[in-house]
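I would like to walk slowly through one structure with you, so please keep it open while I talk.

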Amino acid sequence: MEEKLSFEYAPAPESRAIVSIKPKYGHFIGGKFVLGTKHFPTINPATEEVLSQIALAGKADVDAAVKAARKAYTTTWSKMSGKERGKYLFRIARIMQERSREFAVLETLDNGKPIRESRDVDVPLAAAHFFYHAGWADKLEYAGLGTTPKSHGVAGQIIPWNFPLLMLAWKVAPALAAGNTVVLKPAETTSLTALLFAEVCQQAELPAGVVNIVTGDGSTGALIVNHPGIDKIAFTGSTEVGKLIARAVAPTNKSVTLELGGKAANIIFEDAAIDEAVEGIVNGIFFNQGHVCCAGSRLILQESVADEVLQKLKNRMAAIRVGDPMDKNTDLGAINSKEQLLKIRELSAAGDLEGAQRWSAPCDLPGKGFWFAPTIFTGVTQAHRIAREEIFGPVLSVLTFRTPQEAIDKANNTPFGLSAGIWSEKGSKVLWATQQLRAGVIWANTFNKFDPTSPFGGYKESGWGREGGRHGLSAYLKGVSHE
Amino acid sequence: MSYYGLVDGTEASLKKYLASLSGVDQVGADARAAMLATRSIKAASKRWAIDTAISMVDLTTLEGADTPGKVQALCSKAVRPDPTDSSVPSVGAVCVYNDMVGIARTHLDLIGGEHVGVAAVSTAFPSGRASMPVKIQDTQDAIDAGASEIDMVIDRGAFLSGRYIEVFDEIVKIREVCGDKAHLKVIFETGELVTYDNVRKASFLAMAAGAHFIKTSTGKVAPAATAPVVLVMLEAVRDFYAMTKVRIGVKPAGGIRNTKDAIKQLVLVNETAGPEWLKPSLFRIGASALLNDLLMQRMKMDDGYYASPQYVTID
């Protein structure tokens, strides 16, 4: 047999036949799909193909959604026993599992993330959030928040484009379990899975108006934030918009949780398990194209192992499979939008200008769509923009340190504080570093691990409040204090 | 005697060398292996993988009931796995007990199988519980009978009690016996070493002692060639190449029974050690039942349907 040294994987595309995308969508208000007035296109960022026309909600639509949510709250949902509410949540969770392939394919088409991630991470975790909170619905008095915790009323929820369905689950599941009704706005570029979720609500026979979904851009979001009929705002997105929301709700009675940006330090000590640390670096920054608020975007590397780790990291990056997100073997998909691609290019160019050394994995990028090769910058210092600003793309800034304290000082020297990673085989060092780091989520010898039972949220400019676990639940209950 | 100048033969230098290795995080290694198991290998790449896997099989019979007739049948199968299709490559080697080596070599040569190696399990396989002179004689017998590959077992008792230098010295001595007549595969029995840290340590120890191949298991102990164990060994040969510019081979054995498992092994190789390792001189799969499943999958790709098992030969 002739020896051929190449093992080229033939294309293994997931079929899109399972989803049927309508040419035009409206809003989901009061249990029904209603027509929109103005529309804008939503595209597949991997091909720039127009997938559908999405309605842009104006004042009348948001008013109608809030009114439907209020009616459902007063007449049905707040009067229903927790046990009954829980049944609906369990039903939604099961339907999401049954239709998981449909959700995964649609998410990948609309968002650009690899099918492997939407199939193995986004959709199963979203269902898990509903299962977890379904369990809480009839046990609220045991959540440690007093004997009679009360819901807020109508929650206005605005979610980002990086994990469209998963962020919906993070918002809707606890709100419903706690007895609130919701008006949710998906991100402008990724509305399709939220609209499929609306179908799931119908299929689960969720009472009309408990979940309302209005689509649109920032102007729709502002209408929700400023609406007098809304009792609680929950937002996940940029720190810039988070600050606007905080200002807007400050003079009101609205309660608010914000989950904002990050610039997480991923600290590799010299006594780390190096191969797994390299995997953790890759998973930290290249998972979901780096469109992750808690991405490990600053690699803080002990000088004594820096050369070895960087060499291994480059070798590993060369094996990352970039391309068609629908291919089951793709590791890194498309950048979600042209706007985001331009932002990543702008900040990377700033890295070049400021004297950091750029290295990108050799890979062929498709001609159409929005793409950025996995990239690292070495020689980065704290004074570089790429060490301070959130790039929200597959770009890693590498800094080095000499002593453990220096690593902590650099890690904490940021206006953000969402997450951090520590890699060391020495338990005492891990525990010490965990106590020093000012970040809401700290992973030891792993990265980007999520679970509905675990509270998630930030320090400083990374946000207010927590999502997930008992802490996250408390944000949807009144008369109890939360961070 | 030692190789590549990594260890000078003293216990102190061996300890220093082993202490320089980084640890393996079990959770992370398991996760990486599980992720690579999701690769979807289709069409032309699957066809290539099946033929490559066939050429990497060490077709094995290691039973107390082995007879010359059984071994000769195995040799025929090794040379022409599918007698009706000459495009099917021969396997890498046949793997037999010591006393069957001469029979296997003679029969292979008789039927045009000069290119198929004979691997002998050696050093008091599978337990390794014998004196050093016995182990040396065992190996010498196999080589004299025509073995081109020696699959030795390490003394797991010595390894687990920290007497690494004894394990090292044994490998060095057996390598000396092999000389330039036979390739040396060193079997760790990873199911008895248990931890991935131990697997990594054993890998580096064996490579510095002169192993040509490192091999997971005897096939007599479960678990055997699990994906994370093979991953850790592939990382070890990759790192050893970075240190020495010498490529050491890897042989998973035990538990790889169907085409899917074999293709997963090739994916592990491709994305861990790299495509340079995707050849029989650097990667072997110790197996018996696997070969027939590879043949049936190959027929299915050609014909579009699954044939009855009667269309592939039993050993």
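I will go from the domains to the contact between the chains, then to a strand and a helix, and finally to some backbone details.

Please keep in mind throughout that this is a predicted model. Let me begin with chain A, where the domain assignment gives domain 1, covering 27-260 + 460-478, and domain 2, covering 265-444. The centres of domain 1 and domain 2 of chain A, taken over C-alpha atoms, are 30 Å apart, and 19 residues of domain 1 are in contact with 25 residues of domain 2. On the side of domain 1 of chain A that touches domain 2, helix 3 (100-111) and helix 4 (115-136) each supply at least two residues, and helix 4 gives the most, with three residues. If we sort the residues of that side of domain 1 by class, we find five nonpolar, seven polar and seven charged. As for the record, UniProt, in an unreviewed entry, places the feature "domain: Aldehyde dehydrogenase" at residues 38-478 of chain A, a span that is 43% helix and 17% strand.

Now to the contact between the chains, where 29 residues of chain B are in contact with 24 residues of chain A. Helix 2 (26-36), helix 3 (43-56) and helix 12 (259-272) of chain B each supply at least two residues of the side that touches chain A, and helix 3 of chain B gives the most, with seven residues. By class, that side of chain B has 12 nonpolar, eight polar and nine charged residues.

Back in chain A, how many of the seven residues of strand 15 are buried? Seven of its seven residues, 395-401, are buried, with A:Val395, A:Ser397, A:Leu399 and A:Phe401 pointing one way and A:Leu396, A:Val398 and A:Thr400 the other way. Strand 15 of chain A pairs in the parallel sense with strand 12 (residues 298-302) over five bridges, and A:Thr400 is the bridge partner of A:Leu301. Strand 14 (residues 375-378) of chain A also pairs with strand 15 in the parallel sense, over three bridges, and here A:Ile376 stands opposite A:Leu396.

Helix 1 (residues 59-77) of chain A has a number of buried residues, among them A:Val62, A:Ala69 and A:Trp77. Seen down the axis of helix 1, the buried residues fall within an arc of 160°, so they line one face of the helix. The buried residues of helix 1 of chain A pack against several elements, including strand 6 (154-158) and helix 7 (218-225), whereas the face turned away from the buried side carries the exposed residues A:Lys59, A:Ala60 and A:Thr75.

Finally, the backbone details, for which the background is that most residues other than glycine have a negative phi, and most peptide bonds are trans. In chain B, the peptide bond from B:Phe125 to B:Pro126 is cis, with omega near -5°, and B:Pro126 is in the loop between strand 3 (117-122) and helix 6 (132-144). A:Asn448, although not a glycine, has a positive phi of about 55°, as B:Lys245 has one of about 65°. Are these residues buried or exposed? A:Asn448 is buried, with 20 other C-beta atoms within 10 Å, whereas B:Lys245, with 8 C-beta neighbours inside 10 Å, counts as exposed.

Methods:
Residues are numbered from 1 along each chain as its sequence is written. Chains are lettered from A and ligands numbered from 1 in the order in which they are written. This is a predicted model: local features need pLDDT of at least 70, side-chain atom pairs count only at pLDDT 80 or more; totals for chains, interfaces and linings use all residues. Domain bounds come from an automatic or database domain assignment. Two residues are in contact if their C-beta atoms, placed from the backbone, lie within 7 Å. Helices (H or I, at least four residues) and strands (E, at least two) are DSSP runs, numbered from the N terminus. Ala, Val, Leu, Ile, Met, Phe, Trp, Tyr, Cys and Pro count as nonpolar, Asp, Glu, Lys and Arg as charged, and the others, Gly among them, as polar. UniProt positions are given in the numbering used here, feature names are shortened, and annotations may be inferred rather than shown by experiment. A residue is buried if 20 or more other C-beta atoms lie within 10 Å of its own, exposed if 12 or fewer, and partly exposed in between; C-beta atoms are placed from the backbone. Two strands pair if DSSP finds at least two bridges between them. The arc is that of the directions from the helix axis to the C-beta atoms.
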